[in-house]
Amino acid sequence: MDEKRFMEIALKLAKRGMGYVSPNPMVGAVIVKEGKIIGKGYHKMYGFPHAEIEALNDAKESVKGSTMFVTLEPCSHYGKTPPCAPEIVKAGIKKVFIAMIDPNPVVNGKGIEHLKRNGVEVEVGLCREKAEELNKFYIHYIKNKTPYVILKMASTLDGFIGDEKRGIKRISSENSLRLLHRYRYEVDGIIVGIDTIIKDNPKLNVRYYKKKRNIKKIVLDYYLRFPEDANLLKTEGETIIFTKENKRKIENAKVIEADGEDGILDLKDILKRIGELGISSVMVEGGKKVFSSFLEENLFNEVRIFISPRFIGEGIRITEGEFERWIKIKNVKKLGEDFLIIGENVHRNS
């Protein structure tokens, strides 16, 4: 039996849940009997049946004596749905390949223990690295109770993000813009500073991608200067404003008081509160002050920098302040004229 191939099929199935299951993990499952797939499924939406149950229900023949490939440890507790491990046992599956153990303390080995205790053979670790990469948002959120943070910015070759004097606002190409909107689709929320809202009046929704999602639009606004006619309030998805001075009500937005002083909000407190809202991943889209603050305080997991192949000589620098951060480059992509650099904050992810 080609175990790796079947697990990779389960991983592809799991990815279909992207944008629908958060803060739960993406999970896929495949049932194989005599070398043939007889059932498959994935976790389709938060609160819906888990992948293992979907695969069992999809089976067109008896699964007794078959093998299941599942990308995450089956649960053995009652949550939004009944536990999966007992159903696997009850169905008569003889062996389960599990890509990774669930880091959630309410599961974490208990599902495997239940299977073994009831005579099911279990193997753990097949395609583990791919499974962990797929659910890196979930893993970080479960372990830290704060969202996985991606810093995004577009820059010229000489390190500028624009020049207001010359009206240079957009740096990246159409190809980069489309990919950015796919990235927006993948996360739970977007973070920007109030200066970006006032200057650019962005929509911060998903437009240039085939799928739609109501992502959270999060604004850092110490003095609550938020304009009541902002485009954020007219687009789909909840608007959340963090402020030190909660001095007025804003229609169609959730205003939350946060710690801070001297005009600067406490980012650690912000991330803690975002986690408490069940938001497991965010992308920081600017502006320069917010981007630099996350860098300086080392409160990020990943950077995604779009590089435009041009020099503009002067303008707004990509960062400000005095700090040094080393990034482990994971990938470099060519996007038409642009390049995308994806890097990992080794210190925070270790």
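Me: Which domains does the domain assignment give for the protein chain?
Reply: This is a predicted model, in which local features need pLDDT of at least 70 and side-chain atom pairs count only at pLDDT 80 or more, while totals for chains, interfaces and linings use all residues. Residues are numbered from 1 along each chain as its sequence is written, and side-chain values use heavy atoms, with hydrogens and water left out. The bounds come from an automatic or database domain assignment, which gives domain 1 (3-139) and domain 2 (146-345).

Me: How much area do domain 1 and domain 2 bury between them?
Reply: Eight residues of domain 1 are in contact with 14 residues of domain 2, contact being heavy atoms within 4.5 Å. Buried area is the accessible area (1.4 Å probe) that two parts lose on being put together, summed over both. Of the area buried here, 53% is on carbon and sulfur atoms, and the total is about 950 Å².

Me: Which residue forms a salt bridge with Lys136?
Reply: In domain 1, Lys136 is among the residues that lose the most area to domain 2, along with Met18 and Phe137. A salt bridge requires a side-chain nitrogen of Lys or Arg within 4 Å of a carboxyl oxygen of Asp or Glu. For Lys136 the closest N and O atoms are 2.9 Å apart, and the partner is Glu302.
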